[in-house]
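Hello,

Here is the structure we talked about handing over. Please take a look, then read my notes below.

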Amino acid sequence: MRFSLIVILFLLWQSTMCAQTSFSVEGEILSLRSKTPITNAKISLEGFLISSQSDSNGKFILTIPKKGEYIISIEATDYIVKRLPISVENESLDLGALSLEQNIQIEQADNLISLSDSELLDDEVSSNSSGLLRATRDLFLNRAAFDFGQAFFRVRGYDSQNGTVLLNGISMNKFYDGRPQWNNWGGMNDVTRNQQFTNGLEASDYTFGGILGNTNIDTRPSGLRPGTRLSTSYSNRTYAGRLMATYTSGVQKSGLAYTVSGSRRWAKQGYIDGTLYDSFSFFGALEYQINEKNSVNLTALWASNRRGRSSAITEEVFELVGKKYNPYWGEQDGKVRILENEK
């Protein structure tokens, strides 16, 4: 009887201990800026091989073996890692909503933003407008570049010549004024998406940083998505229509890879009176990979554009003749005369 009683008490004690060895920590992972749930965030217990992931609603449950004080680490792509000390005393611990801050220092692989062609191609504007250089995840710089461009707003008062633009490591800034001319590769959106941006005087893999940072455009075929890409668009602003076609072979067994791309943009007349548009671009690149760390790349590009130009008008002229009025366009001796810009 005594032995049987001891066995029963031991089994009861074991079942009680087993019931209390499982503790859970739960919570919700949100973006600090947008307050939206973060999916597939990794939540791990430091010092233990215990981890969990957030679901589509940002919620997670992490199972902990015993009571005590721990540190949990929360990691998510493009967000700063967050470490949080916790104390587990009860069977369930609800941490509530946990916010992660976006990492604005991450170098971008695709940091193109939308700018109108008039900003990219105009002599007075595009040579001064390096809005793409400000295309980081910093909210202020991104909005300033998109809404104004450096024709109206300059970061810290510096001109765009204080930032460097490189194409495969080769500087594309003009010799005589130091400014990058983005329309030299206009219409090549498909093959100029891979860009590395370095902010300010931070270290770069390709050059010494300028005061406004630097951007390296990587056109190597091995870094582009293999396959064919066809796109078309219609616009009622600078041009009326655009066609673009790009093909990338991908890296073959021989180590060769190539890319060809072409685009055409046109308009008999744009949104502003007298602003014709005739532009085409061609691109070709051939790469041979010697090994994983070395390759030889040959790139050729040609961008040509011809368009009628417009001029800024005063509020008085705007009210008298409308927003489509263009003083650079008109008739002379019965013939239409247009001030053109051809490159």
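**Sheet, rings and a loop**

Isoleucine 29 has leucine 98 in S7 as its bridge partner. Keep in mind that this is a predicted model.

The two strands behind that bridge are S1 (residues 23-31) and S7, which pair in the parallel sense over seven bridges. They belong to an open sheet of three strands, ordered S4-S1-S7, with mixed pairing. Strand S4 (59-64) and strand S7 (92-100) are at the edges. Each has a single partner strand, so one side of each has no neighbour in the sheet. From one strand to the next, the twist averages 25 degrees.

Now the aromatics. Searching the whole structure gives six aromatic pairs. One of them joins phenylalanine 280 and phenylalanine 282, with ring centres 6.0 Å apart and planes at 55 degrees. Planes over 60 degrees apart would count as edge-to-face and planes under 30 as stacked, so this pair is tilted. Phe280 and Phe282 also form one aromatic cluster with Trp302.

How accessible are the two phenylalanines? Phenylalanine 280 has a relative accessible area of 26%, which makes it partly exposed. Phenylalanine 282 is at 46% and also counts as partly exposed. The cut-off for exposed is over 50%.

Last, a loop residue. Phenylalanine 208 sits between strand S10 (195-198) and strand S11 (214-217), in the loop. Its relative accessibility is 79%, so phenylalanine 208 counts as exposed. Threonine 164 is 44 residues from phenylalanine 208 in sequence, yet their C-alpha atoms are 8.9 Å apart in space.

Best regards

How values were computed
Residues numbered from 1 in each chain as written. Predicted model: local features only at pLDDT ≥ 70, side-chain atom pairs only at ≥ 80, totals over all residues. Heavy atoms only, no water. Helix = DSSP H or I, 4+ residues; strand = E, 2+ residues; numbered from the N terminus. Buried < 20%, exposed > 50% of the residue type's maximum accessible area, 1.4 Å probe, protein only. Phe/Tyr/Trp six-rings, centres within 6.5 Å; stacked < 30°, edge-to-face > 60°. Pairing = 2+ DSSP bridges. Axes fitted to C-alpha atoms, helices over the stretch in contact; angles between N-to-C directions.
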